[in-house]
Every structure is written in C-alpha cells, then in structure tokens.
Amino acid sequence: MNQYSIEVSGGKVIGDSVFFRTADAQLAEECNRICAFTDMLDADPAQKKERIAEYKCAKYRYAAVSLIHSTVINNNRCRKLHNLESTHHLLLPFDEIFKTQAETLALYETAEANEKPDYSLYYAITAFADGELAELEGKIPYATDWEKVELEERIGGLQFAKECLDQAWLHRKE
C-alpha cells in the first residue's frame, strides 16, 4: 500500500486515480511554495515588516488554493472510506452543487463505473470554484483599495486551482 492507497473494510485496497494524484500534487506544490515564502518572512520580522504587502497577498492566495486543495482531498478520502455512490461519490454539499449541473451530470451517468468518482469530483469542485469566483468578483466594484487587492489575490488563487484541476483532468488517462 502506498501513500495514495487506503485499506477499507474486508482488506480491500482502493488507490487514487491519476486525476486525483495530479491535481493533489499541483495544488500541494503551490501551497508549499507559498508557505515557504511566508515561513521565511515569519522567521525574519524585519524583512516581514518590509514586505508585509507581499506577505498578506501570499496569505490570501494560499487561502484560495488551500480551499480547493482541501476540498479535493476530503471528497476523495471520504469517497474511499464510505459508500458515497448515492451522492455521486461526493460529500453532500458538493453533491448538491453537482446535481445542479445537468450537462455534467449526464456525462457522469454515461461514464464507466470506475471513472464516475473522477467525473463527479472534477465537475463538482470546478462548479464550486466557479461559485466562489463569482462571489468574489461580485464584491470587487464595492471594495476599497486594499480589499480589492485581497479579492484579486483570492481570485488569482482560485483561478490557479481551477487550472490545476483542468490540467489534471486533461491528463487523467496517461
């Protein structure tokens, strides 16, 4: 058993898909890159004070990327630990989002049984990210200068996370 496998009842081992491993790796790399930068500044208070704007921007970006990363991880982990077929292999809040997407729900229904968890995970999390993006973009016209910077950093982080999901989806069969 490797770090991408989990043993469930009866000794059955379920491994992670190429889609999940690729998305997880890309999102984790960005989170680690941001944390290395902010940790470096945390270790040097004088430099942190000098670069506080960059530090805050990095934290806002991290908040957005880690939101998508943790959502992908938790949905994937829970689908393996529990029988989530009745909720399209998703945690309930994300299944509710997924069920509103008629076109992607139809794609899910016609997918091979072993691909259905990836279909629902990709399309549900992408729809979730789109909802988060729309909410943040709707706040920009009313934001002060610094609030606008925060929103733009969060938006950039969400867009990056979506790009990671898109790339992982395109390469899932490799």
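**Rings, charges and cysteines**

Mentor: Lys 116 lies over the face of Tyr 108, at 5.1 Å from the ring centre. A charge sits over a ring if NZ of Lys or CZ of Arg is within 6 Å of the ring centre and within 35 degrees of the ring normal. This is a predicted model, in which local features need pLDDT of at least 70, side-chain atom pairs count only at pLDDT 80 or more, and totals for chains, interfaces and linings use all residues. Residues are numbered from 1 along each chain as its sequence is written, and side-chain values use heavy atoms, with hydrogens and water left out.

Trainee: Which ring does the charged end of Arg 172 sit over?
Mentor: That of Trp 169, with the charged end 3.7 Å from the ring centre.

Trainee: Which residues do ring pairs link into a cluster?
Mentor: The cluster consists of Phe 19, Tyr 119, Tyr 122, Tyr 123 and Trp 169. Rings of Phe, Tyr and Trp (its six-membered ring) pair if their centres lie within 6.5 Å; planes under 30 degrees apart count as stacked, over 60 as edge-to-face and the rest as tilted.

Trainee: How many aromatic pairs are found in the whole structure?
Mentor: The search finds 10 aromatic pairs. In one of them, the ring centres of Phe 19 and Tyr 122 are 5.9 Å apart and the planes are at 90°, so this pair is edge-to-face.

Trainee: Where do Phe 19 and Tyr 122 lie?
Mentor: Phe 19 is in helix H1 (residues 18–42) and Tyr 122 is in helix H6 (residues 116–139), so the pair ties together parts 103 residues apart in sequence. Helices are DSSP runs (H or I, at least four residues), numbered from the N terminus.

Trainee: Is Phe 19 buried or exposed?
Mentor: Phe 19 is buried, at a relative accessible area of 0%, and Tyr 122 is buried at 10%. Buried means under 20% relative accessible area, exposed over 50%, and partly exposed in between (1.4 Å probe, protein chains only).

Trainee: What about Tyr 60 and Trp 146?
Mentor: They form a tilted aromatic pair, 6.4 Å centre to centre with 55° between the planes. Tyr 60 belongs to helix H3 (residues 52–81) and Trp 146 to helix H7 (residues 145–170), 86 residues apart. Tyr 60 counts as buried at 15% relative accessibility, whereas Trp 146 is partly exposed at 35%.

Trainee: Changing topic, how many disulfides are there?
Mentor: The count is zero, a disulfide being a pair of cysteine sulfur atoms within 2.5 Å. For Cys 57, the nearest cysteine sulfur is that of Cys 35, 16 Å away.

Technical notes: Helices (H or I, at least four residues) and strands (E, at least two) are DSSP runs, numbered from the N terminus.
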